[in-house]
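I opened this notebook to record what I looked up about the places where parts of the structure meet. The entries follow the order in which I worked.

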Amino acid sequence: MLTAIAINYKIGKHCLLRDISFQIRPGELLAVLGANGAGKSTLINVLSGEKQPSSGAVLLFDRDLKKYTSQELSKKRSILQQHNSLHISFSVKEILLMGRYPHFRYRPNKSDLIAIAEAMEICDVGHLAERSYLSLSGGEQQRVQYARVLCQIWDQPQSLLLLDEPVAALDPQYQQQTIAIAKAFSQRGFMVIAVLHEINLASQYADRILMLKGGRKWLDGSPAEVLTPAHIYSIYNAEVDVIINKQNLKPIVIPKQTNLDISNFNSLLPSVAFSGVQVAT
Amino acid sequence: MKKFFLYCLMISGLAIVIFFSLTWGAIKIPLHDVISILAKSIGCFNGVVDSTYEGVIYIIRFPRLLLGLLVGAALGISGAAIQGIFRNPLAEPSLIGISAGASLMAVIVITLEASILVGLSDLFGYYLLAFSAFAGAGFVAFIVYSVARINGSANVATMLLAGIAINAFAGALTGLMTYLANEQQLRTITFWMLGSLGGATWQTVWTVAPFILVPLMLLPLLAKSLNAFALGEAQASMLGIQPNKVKLQVVVLATMAVGASVAVSGIIGFVGLLVPHIIRLIGGVDHKFVLPASALLGALTLALADMLARNLVAPIELPIGVITALLGAPVFLYILLKEKKKVLH
């Protein structure tokens, strides 16, 4: 069980998170939605223990995150960060092994090797095992990082899995697959919190949606409660239609024709003479 | 399997270089004499050996060889570890000013010797030189580390920039000292700045051995942490590694090894940069392999370079730093070109 109690996070005068409280239980998949700059990544970093809240507290199984040692915490939560900067040509297998570092001292145990093999299988990166990470495409790198993060808590029931925009670099098939894997984890008793921009993925898979606006908790509820045209307009300034998917009774959000007028930008663009496309005669 | 093969290759290479450097020199000692002298020393041979040969090997060549092996291993492994925490394959001890600090202190001692150390024995002067070089290295490492600390965490970019500033400062002071030095001191400074194992005695070997053996044994234990560092400090901390602790450990151990080496052999360039690079190229980037293998290849390289330094234009002895730079720079350029091609294709 993870409990956030009145979290505030400030950098200088800027308040990035204000008074956020919520709870998540093992078995739940919570999607965090919000516009750019709403504080989603900051929230994830506070929940992971990487950043200390300015006030308030995060309790993992009724114990303050600050009271955990970093070794203890590394066996109970893992996090897929939005940006991964790895410029050294480790092989995919070596990177997955890093995910198991909290669990062995010098030599990986059998359980570590099993976790790695299974995580590789489930993220569909087994065929890349011996390849250098640097030679992979952006999407493949993303899947490798996902596999690393999964194998860190593979055999640790009720752990916390934090995903910061896990599908950003992925094609639609792997987007579905990534969230489906997270869902499967949650159903085995893990706590999953995923920052998403894909509203319909959140609607389809999340048990609950937490909507942030300007660093505050705006809404917290089931997809059907949260995903209404009015709420989505208030968060994203976008007009949408919401219909109900008859198969699973979840809302489907369909953007309306965008109503931004191109001429709005004209006064901001550089004024260069351009007399239309030259056609060779 | 491949790594096992590489270890075997390096160890046999090391054995060959060891025997060759014991036989080669101003006096050529036949290989079977070398073997019987070594066998006698460990008590498996009771025959008669040539006492001149025995003297040359025991008093001159063996300590020098051991010192070369120790210094080479120290430079190799600290280069690899420092590149690990900086997450940059081009980092090396001289980059963050450790070598510059050591050399500055040594040059100061050499130049001021006339006014301060008049009447002191040569032996004491030598130890003073060694100790000040070590102190300089430690002092700089401490300064760079404290400058780079922001909110209790050392920022790598700031650490590199601080290294550049310290290098410039130490370079200017070293230049000033060179300018002030007299003819004799200038020779000592030059000799020392270019690096040499010529001062090796059993005493120097025993003096530096602990400072080098401790890092050699402890740094490989940090292999996992250094691997995780490649993911970035934030990610490493999510894996239960404490980045600041690891950085402190690496800086202290590397300073110890580099400071001790610079103290007894002067500045020997390129080994710390090149050796880990070659190791990564042939055996992969896993620090569990890179750290011990860099120590091994560093020892091999330096023993080889010293053998060449003594014999290429015998009886004149070349500074070993010249040899390592002459061998190292072209190889390094070659590696860079090859990497560039890899990126292009």
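Entry one, the two chains. I looked up the area that chain B and chain A bury between them and found about 2100 Å², with 56% of it on carbon and sulfur atoms; buried area here is the accessible area, taken with a 1.4 Å probe, that two parts lose on being put together, summed over both. The contact, meaning heavy atoms within 4.5 Å, takes 27 residues from chain A and 20 residues from chain B.

Before going on, I noted the terms of the record. This is a predicted model, in which local features need pLDDT of at least 70 and side-chain atom pairs count only at pLDDT 80 or more, while totals for chains, interfaces and linings use all residues. Residues are numbered from 1 along each chain as its sequence is written, chains are lettered from A and ligands numbered from 1 in the order in which they are written, and side-chain values use heavy atoms, with hydrogens and water left out.

Entry two, polar links between the chains. I searched the interface of chain B and chain A for salt bridges (a side-chain nitrogen of Lys or Arg within 4 Å of a carboxyl oxygen of Asp or Glu), and the rule finds 0. For polar contacts (a pair of N or O atoms within 3.5 Å; within protein, one must be able to donate a hydrogen and the other to accept it, and residues adjacent in sequence count only if both atoms are side-chain atoms), the rule finds 11 residue pairs across this interface, both residues at pLDDT 80 or more.

Which elements give two or more residues to the side of chain B that touches chain A? I found α9 (223-229), α10 (233-238) and α13 (287-311) of chain B, and the largest share, 4 residues, comes from α10(B); helices are DSSP runs of H or I with at least four residues, and strands are runs of E with at least two, numbered from the N terminus.

Entry three, inside chain A. By an automatic or database domain assignment, chain A is divided into domain 1 (1-76 + 158-276) and domain 2 (84-155).
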